[in-house]
Amino acid sequence: MDPIPSGTDVVDGQLVDAADMTAALTAAQFVFHDGATQSFTADGRTTYVERGVPSAGEWSVAGDGTFSSFWPPTYRATYTVRWIVENGARVGVSFTDTRSGVRYDGRYQSAAS
């Protein structure tokens with residue numbers, strides 16, 4: 001995994017640039033409010049684990065910076081991705097479904113978690 005991007009160059013709610021998407025997604029495993037986790041690899045693979053049950057999918061970034069996911073055999077979704085910043089530190093990203101507007105906040109899991 002890549003280091004969590006740092007710096008004060010972004011604010012909470014700012015869109016993750018397409019050029020920064022891979023680093024933002026592969027920096028660490030994400031933990032969601034319900035305890036589910038998700039990890040991403042730079043080669044476009046993702047694993048989501050809910051209640052101990054993993055599912056494998058694929059992800060990519062469109063030219064406009066939107067994030068696309070594919071979960072075989074047929075589920076596809078597109079999201080805008082924004083930084084979650086607390087006390088000047090990037091602590092995760094939020095995924096907002098471009099069709100429904102539903103938002104999912106993924107927080108970087110620390111090594112101690």
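Glu-58 has Phe-70 as its bridge partner in β5. This is a predicted model, in which local features need pLDDT of at least 70, side-chain atom pairs count only at pLDDT 80 or more, and totals for chains, interfaces and linings use all residues. Residues are numbered from 1 along each chain as its sequence is written, and side-chain values use heavy atoms, with hydrogens and water left out.

**The barrel**

Here 8 strands close into a barrel. The order is β1-β2-β3-β4-β5-β6-β7-β8, and the pairing is antiparallel. Strands are DSSP runs of E with at least two residues, numbered from the N terminus. Two strands pair if DSSP finds at least two bridges between them. Strands of a sheet pair through backbone hydrogen bonds, either parallel or antiparallel.

Start with β3 (residues 45–50), which pairs with β4 in the antiparallel sense over 6 bridges. Within this pairing, Tyr-48 stands opposite Ser-55 in β4. β4 goes on to pair with β5, again antiparallel, over 4 bridges.

Next comes β8. β7 and β8 are antiparallel over 5 bridges. Ser-94 has Asp-105 in β8 as its bridge partner. β8 (residues 103–108) also pairs with β1 (residues 30–31), antiparallel over 2 bridges.

| Hairpin | Residues between the strands | Residue and phi |
|---|---|---|
| β3 and β4 | 2 residues | Arg-51, near 55° |
| β4 and β5 | 5 residues | Gly-65, near 95° |
| β7 and β8 | 5 residues | Gly-101, about 80° |

**Aromatic contacts**

A pair of aromatic rings is described by the distance of the centres and the angle of the planes. Rings of Phe, Tyr and Trp (its six-membered ring) pair if their centres lie within 6.5 Å; planes under 30 degrees apart count as stacked, over 60 as edge-to-face and the rest as tilted. By this rule there are 13 aromatic pairs.

One of them joins Phe-30 and Phe-95. Their ring centres are 6.1 Å apart, with 80° between the planes, and the pair is edge-to-face. Phe-30 lies in β1 and Phe-95 in β7, 65 residues apart, and the pair links these distant parts of the chain. Both Phe-30 and Phe-95 are buried (under 20% relative accessible area, with exposed over 50% and partly exposed in between; 1.4 Å probe, protein chains only).

Another pair is Phe-40 with Trp-59. The ring centres are 5.9 Å apart and the planes stand at 90°, so this pair is edge-to-face. Phe-40 lies in β2 and Trp-59 in β4 (residues 53–61), so the pair ties together parts 19 residues apart in sequence. Phe-40 and Trp-59 are both buried.

Ring pairs also build a cluster. Its members include Phe-32, Tyr-48, Phe-67, Tyr-79 and Tyr-104.

A charge sits over a ring if NZ of Lys or CZ of Arg is within 6 Å of the ring centre and within 35 degrees of the ring normal. Arg-76 sits over the ring of Phe-70, 4.1 Å from its centre. Arg-90 sits over the ring of Trp-83, 4.6 Å from its centre.

Trp-71 lies in β5. Its relative accessibility is 16%, so Trp-71 counts as buried. Trp-71 and Thr-47 are 24 residues apart in sequence and 9.8 Å apart in space, C-alpha to C-alpha.

**The largest pocket**

A pocket is an open set of points on a 1 Å grid over the protein atoms alone, where a 1.4 Å probe fits, with protein on both sides within 12 Å along at least five of seven lines; lining residues have an atom within 4 Å of a point. The largest one has a volume of about 320 Å³. It is lined by 14 residues. Phe-32, Gln-38, Tyr-48, Tyr-79 and Tyr-104 lie nearest its centre. β2 (37–40), β5 (67–71), β6 (75–86) and β7 (89–97) each give two or more residues to the lining. β5 gives the largest share, 3 residues. By class, the lining has 9 nonpolar, 3 polar and 2 charged residues.

Technical notes
Points joined across faces, edges and corners; volume = space filled by probe spheres on them. Nonpolar A, V, L, I, M, F, W, Y, C, P; charged D, E, K, R; others polar.
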